[in-house]
Amino acid sequence: ECQHGVGVPQEVPAESLREDDYLLLPTPEHGDVHVEPIFARLVGWVAADGYLHSSGALSFTFSPKTGKVELVVACLKDNGLEPKLYPRVRDDLVQVSVGVSEVGRSLQEYIRGTTSGKRLTNKVLEWDRESLLQMLGAYIDGDGHVPTVGKNRGQLRIRSASRSMLLALADAIRAVGIPCTSNWDMSPGWVTIDPAYGEYWSDGSGCVSVSAKFSEEVTCYSRRGFHRP
């Protein structure tokens, strides 16, 4: 939160921006289209952790230790899909796959690209507040984190290797009336998430953050919420 005046906003050319300048962005507005919660949550899961093929097929790859396999399988079945599981014993991973379906094709309206180019489309902003919160809840279950201890206790952080995805998530969060910040804070390089899997190359990443004051509201449909197990 800003603790001092920033003056009168002015429209200026992008090339004139300097370090420590404040940027004011218009608050996105959500629509009034209500979608089924099970579909909204599927959009969130696929946006966070899924690979949406151009044909409409879906695939996810998880470590069984994360507990995500059961959640994604349940979400897929709720949407009338029949997921198949393929254990990858050598990698200690599980691949969850679904063949071509009308549901998969419908997802292409809302999710585009892969890896660092992956993003949510503006179509999700046509949804009502409840639908957006359901989608965000599933996304946070996939890629969000709310620390329970330390200086960032209670703060929601959603990390992504896609700049476009970060912007889309920030728009969705602000559209439901919750303030957030986003920044690109990790440069390309070798990183280690789990020593058991060694190092891997990252093209960099950033995160969307919501303060502890507001995180419970945006995680109301997520298992990551600070006051939920």
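Author: A definition comes first: patches are made of residues with over 30% relative accessible area and no salt bridge, where like charges are joined within 9 Å and nonpolar side chains (Val, Leu, Ile, Met, Phe, Trp, Tyr) within 5 Å. This is a predicted model, in which local features need pLDDT of at least 70 and side-chain atom pairs count only at pLDDT 80 or more, while totals for chains, interfaces and linings use all residues. Residues are numbered from 1 along each chain as its sequence is written, and side-chain values use heavy atoms, with hydrogens and water left out.

Reader: Which residues make the nonpolar surface patch of about 260 Å²?

Author: Accessible areas here come from the Shrake-Rupley method with a 1.4 Å probe, and for residues only the protein chains shown count as cover. Residues are called buried under 20% relative accessible area, exposed over 50%, and partly exposed in between (1.4 Å probe, protein chains only). L23 has a relative accessible area of 59% and is therefore exposed, and L23 lies in the segment before α1 (37-49). The patch is made by V12, L17 and L23.

Reader: How many helices and strands does the protein chain have?

Author: Helices (H or I, at least four residues) and strands (E, at least two) are taken as DSSP runs, numbered from the N terminus. Counted in this way, the secondary structure of the protein chain comes to six helices and twelve strands.

Reader: What percentage of the residues in the protein chain is buried?

Author: The accessible surface of the protein chain comes to about 13,400 Å², and 51% of this surface belongs to carbon and sulfur atoms. Of the 229 residues in the protein chain, the buried share is 41%.

Reader: Among contacts between residues at least 6 apart in sequence, what percentage joins residues at least 24 apart?

Author: Contact means heavy atoms within 4.5 Å. Among the contacts in the protein chain that pass the limit of at least 6 apart, the share joining residues at least 24 apart is 64%.

Reader: What span does helix α5 reach from its first C-alpha to its last?

Author: The expected span of a helix is 1.5 Å times one less than its number of residues. Helix α5 (residues 163-175) has 13 residues, and its span is close to the 18 Å expected. Its buried residues include M165, L166, L169 and I173, and just after α5, G177 takes a positive phi of about 90 degrees. From first C-alpha to last, α5 reaches 18 Å.

Reader: Is A40 buried or exposed, and which residues does A40 touch?

Author: A40 has its place in helix α1, and because its relative accessible area is 0%, A40 is buried. The C-alpha atoms of A40 and M135 are separated by 4.7 Å, although the two are 95 residues apart along the chain. Not counting residues up to four places away in sequence, A40 touches V35, W127, S131, Q134 and M135.

Reader: Which residues does T121 touch?

Author: T121 lies in the loop between β6 and α4, and T121 counts as buried because its relative accessibility is 8%. Leaving out residues up to four places away in sequence, T121 touches E109, Y110, I111 and R112.

Reader: How many disulfides does the count come to?

Author: A disulfide is a pair of cysteine sulfur atoms within 2.5 Å. C180 is buried, with a relative accessible area of 14%, whereas C220 counts as partly exposed at 36% relative accessibility. By the rule for sulfur atoms, the number of disulfides is zero.

Conventions. Salt bridge = Lys/Arg side-chain N within 4 Å of Asp/Glu carboxyl O.
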